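Let's take a walk through a protein model together. Keep the picture open beside you and follow along as we go.

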Amino acid sequence: KCERKPSGCPFAFHNPPQRQNCKIIIQNSILQFWKQLGEKAQRDFFDKLKNYRRDETMKIGMLTSGGDCQGLNAALRGVAKALYQEFGTAVTIYGIRDGYRGLIEGDYHPMEPQDFSDILTRGGTILGTSRQPFKTMQQAEENEATKLEKMLDTCRRARFDCLVILGGNGTHKTANLLSEHGIPVVTLPKTIDNDLWGTQVTFGFQSAMNIAVEVIDSIHSTAFSHSRVFIVEIMGHKAGWLTLHAGIASGADVIVIPEIPYDARAIAAAIQQRARGGKRFSIVAVAEGAISREEAAMSKKDFKAARAAMPYPSISYRLADELQKITSQEIRVTIPGHFQRGGAPCAADRLLCTRLGVAAAELIREGKFGNMVAVQNDRIVPVPLKEVAGRLKTVPVDGELVHAARELGLCMGD
């Protein structure tokens, strides 16, 4: 209040020149008072200022990034319900649209508890998603800030107390980058590929496996009826977890994964042996990222060039052509593609997402940022982002599952 009137008045009651004078008077008074405090009192003031927002509403930003999958909404719900249960009206959750794009562009909105109702069984993500390659995050366009700088600016302007991020490998590299730049981050492991390091299983994997198994199950009858060889291409660019699990669970005869480079002649021999044994059909489960022995010996540059020149729409069609030339059998290709990502999450994923969501809310409550909630030995534990980022969990070629497949007489492509 100023002293120009006995009662004191807000600046707005003066005309502009008088208002400016009032501001100058008060600013000078504050500056003089600040100097008189001394260094110790000033430090105490800033220490208290750091905790000032503890009495305000906690602000949580949430985003889903990368490829979608079943369980994203269930995981969002798990985090939100646990936060509302813990903090009630003292927490506000902000939905960031379309993953990191929304964080880059400042596209976020406050959400209400009812926004998280009736989404446990819903597929996809209510927040939308997008792919933002990690390698572009620190690249500056002409006369513009980098994507990282824009995301940091959004977080500071929004004053998020924590950023909750749901995603896979690329998403976690960017999440770790944000964490290294001082943003409080908690992440949840999402990918149907199950190739995220540090966790026994990712959400979305079980649901995608169920769909892949159903596809192969359905192929059995038509393959038997027509005495055909069917190749079913399963998602998984760099890791064969989904193909291996679905192939074993559905009774596939041949399983081809990226970790074990294939030999078309070995696969053809397995198919011909089944035919000689009176089997009317064979089913080959192939990961989309499968590679041949010849490709495995190439340099990265040569491999990219060879794939770019490949006249087939996918690896499965090339393999089908190779096998048909060797065996002279009729071969068909089935690619369920994005069916594997869609639809409602299975019961196992709903349960997993809820457990992970609750654990993420607990990390927020305890201020344990810079962690991913993970499954290890069937328990939910925090894993530091710096240990997760940039590391891929691949199928061990000498592991128990591969051993079990071989003991059953399945051909692993080699």
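Predicted model: local features only at pLDDT ≥ 70, side-chain atom pairs only at ≥ 80, totals over all residues.

Residues are numbered from 1 along each chain as its sequence is written, and side-chain values use heavy atoms, with hydrogens and water left out.

Let's start with helices. Helices here are DSSP runs of H or I with at least four residues, strands are runs of E with at least two, and both are numbered from the N terminus. Find helix α9 (residues 264–276) and helix α12 (residues 315–327): their axes come within 9 Å and cross at roughly 55°. An axis is a line fitted to C-alpha atoms, for helices over the stretch in contact, and the angle runs from 0 to 180 degrees between N-to-C directions. That angle makes α9 oblique to α12. For the naming of angles, under 35 degrees is roughly parallel, over 145 is roughly antiparallel, 65 to 115 is roughly perpendicular, and the rest is oblique. The crossing of α9 and α12 is also right-handed. A crossing gets that name if the near helix is turned clockwise from the far one by less than a right angle, and it is left-handed if the turn is anticlockwise.

Who does the touching? On the α9 side you'll find A264, R265, I267, A268, I271 and Q272, and on the α12 side L319, E322, L323, I326 and T327. Contact here means heavy atoms within 4.5 Å. Sorted by class, the residues of this α9 and α12 contact come out as seven nonpolar, two polar and two charged. In this sorting, Ala, Val, Leu, Ile, Met, Phe, Trp, Tyr, Cys and Pro are nonpolar, Asp, Glu, Lys and Arg are charged, and the others, Gly among them, are polar.

Now move to α5 (147–158) and helix α6 (residues 169–180). The axes of α5 and α6 come within 11 Å and cross at roughly 60°, which makes α5 oblique to α6. Here too the crossing is right-handed. L148, M151 and L152 of α5 meet T174, L177 and L178 of α6. That contact of α5 with α6 has five nonpolar residues, one polar and no charged.

One more pair: helix α8 (residues 241–250) packs with helix α15 (residues 400–407) at an angle of about 35°, their axes 11 Å apart. This time α8 passes α15 in a left-handed crossing. The residues that meet are L244, H245 and I248 in α8 and L401, V402 and A405 in α15. Five of the residues in the contact of α8 with α15 are nonpolar, one is polar and none is charged.

Time to zoom in on single residues. R159 sits in the loop between α5 and β4 (162–167). Its phi is near 55°, a positive value in a residue other than glycine. Is R159 buried or partly exposed? At 39% relative accessibility, R159 counts as partly exposed. The cut-offs are simple: buried is under 20% relative accessible area, exposed is over 50%, and partly exposed is in between (1.4 Å probe, protein chains only).

N194 also has a positive phi, near 60°. Look for N194 in the loop between β5 (185–189) and α7 (205–226). With 3% relative accessibility, N194 is buried. Leaving out residues up to four places away in sequence, N194 touches Q200, V201, T202, F205, W241 and K393. T191 is found in the loop between β5 and α7 as well, and at 10% relative accessibility T191 is buried. T191 and G71 are 120 residues apart in sequence, with their C-alpha atoms 9.8 Å apart in space.

For another such pair, go to T354 in helix α13 (residues 347–366). T354 and V79 are 275 residues apart in sequence, and 7.6 Å apart from C-alpha to C-alpha. T354 is partly exposed at 27%.
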